[in-house]
Amino acid sequence: MENQNISIEDMANFCKRKGFVYPSAEIYGGFSGFWDYGPLGVELKNNLKKFWWKFHVHNREDIVGVDGSIITNPKVWKASGHVDNFSDILVFCPKCKKTDKIDKHEIKKVKCDCEGEFDWEKSKEIKQMLETNVGLKGSAYLRPETAQSIFINFKSVYDNSRGKLPFGIAQIGKAFRNEIAPRDFLFRCREFEQMEIEYFVDPKEKFPYELGDNKISIFSEDMQKNNKETTEISFKEAFNKKILKTKWHAYWLEKEYLWFISLGANPENLRIRQHVSKEKSHYALDTWDIEYKFPFGWKEVHGMANRSNYDLNQHQKNSQKKLKVINLNNEKILPTVYEPSQGVERALLVFLFDAYTYDEKRKNIVLKLHPQLAPIKTAILPLVKNNSKIIKISKDIFNELKKDFNIVYDESGSIGRRYSRNDEIGTPFCVTIDEDSIKNKDVTIRNRDTTKQKRIKISELKNILTSLIKKEINFDKIK
Ligand SMILES: [Zn+2]
């Protein structure tokens, strides 16, 4: 895949121009950290969520879904530790004049990167949870993560699903954080969407899967501290060499890596990096991120924490309700939790950056999205406007295909213009109808990525498109 090196600002402009994403309330000057999705953006985002759900929930027997409320009893956030711990401390270094963000437990313990002492008098706490009012009772919080609605419902969901460990609960939903400095387009927002799994295991039980041989570039805490280079290593080997401490951690990192690849991410732009001790969240035992090589550097696109049984334990203590479940040895335990946590917006950026290509020959952008992600699957393009027979066939095809796919009908402008319009928004296949279509009952189908064309029977069009979108057949193999 070509590396196009467009900046994040260029991407934001492209997304706005084409109707993927707009700054929220742009007519009022926008609102920092908030974004609105346009006609193509909402389709892309829905497709992304659908295929995340399919991969993690429908294709597995051990994971079920929930959809929790955004605002819940504030006691949840007290128990989870967010009320007391989820804040940033803004610090100022008089030596290099830099403002920095540190963790609460680092107050008076850390120095600036320049070795200067922070001016602790000037440090300021910024709460990361957004507050709101509910009824007459006063304040509540907009959830800063979807995870807690999984933990508080864990026992009910587990019992309803006749669960046995290992067992996972998945959720897709909005979360809110009062980011001090939202930036980099969709990368750091105040309102965002998470696709999360809390995966509950009994650490004493035998690991039921095999780790695979997929290789990824890896950056451990040790490598970071000792200024070593990243290395390419398989997930299995990383476990065997004790870089990844548990098989479950290795397993889920590999799964999530494969999820990115399955929807078209370029493996060369992905790596895994371990959190160094000062980055770790208050609940995490060990955390690894999947990072993507953005134009502004390697950044987290997926977080994978080992949360131990911290959350269930906290909720059991604070709610006084029994949350233990029975393991294979008939013991009551609080399971250990692995948390594959995926931001929708960050995944969108990964797929957009890897898809964005400027084609020198065509002199237009070609958005090479995986067909499953593409907002519009097909454009129906009659070649001759004033031939009623051609228009009739085209409309019939459109009306038939739209039952199964999100497609467009377009008869305005030259065929070249119509192709490039569709290339730019990622439409993987265009279908043209011409005079030969009348007597031969066939159409031309064009591949976005190669511009190659094939003649196929109208009666076979739907089946062929279905297979092409699922990547079950190769375009070049179509007869
Ligand atoms: Zn400094």
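Author: A term first: the domain bounds used here come from an automatic or database domain assignment. The model itself is predicted. For the protein chain, the assignment gives domain 1 (8-84 + 145-354), domain 2 (87-126) and domain 3 (376-477). Between the C-alpha centres of domain 2 and domain 3 the distance is 59 Å.

Now to the helices. Helix H2 covers residues 39-58 and helix H10 covers residues 344-355. Their axes come within 10 Å and cross at roughly 105°. Angles of 65 to 115 degrees count as roughly perpendicular, so H2 is roughly perpendicular to H10. On the H2 side, the residues that take part are Leu-44, Lys-45, Leu-48 and Lys-49; on the H10 side they meet Val-344, Ala-347 and Leu-348.

A second pair is helix H5 (residues 147-160) and helix H9 (residues 310-319). The axes of H5 and H9 are 10 Å apart, and the packing angle is about 70°. By the 65 to 115 degree range, H5 is therefore roughly perpendicular to H9. H5 contributes Phe-151, Ile-152 and Phe-154 to the contact, while H9 contributes Asp-311, Leu-312 and His-315. The residues of the contact of H5 with H9 divide into four nonpolar, one polar and one charged.

Key: Residues are numbered from 1 along each chain as its sequence is written. This is a predicted model: local features need pLDDT of at least 70, side-chain atom pairs count only at pLDDT 80 or more; totals for chains, interfaces and linings use all residues. Axes are lines fitted to C-alpha atoms, for helices over the stretch in contact, and angles run from 0 to 180 degrees between N-to-C directions. Helices (H or I, at least four residues) and strands (E, at least two) are DSSP runs, numbered from the N terminus. Angles under 35 degrees count as roughly parallel, over 145 as roughly antiparallel, 65 to 115 as roughly perpendicular and the rest as oblique. Two residues are in contact if their C-beta atoms, placed from the backbone, lie within 7 Å. Ala, Val, Leu, Ile, Met, Phe, Trp, Tyr, Cys and Pro count as nonpolar, Asp, Glu, Lys and Arg as charged, and the others, Gly among them, as polar.
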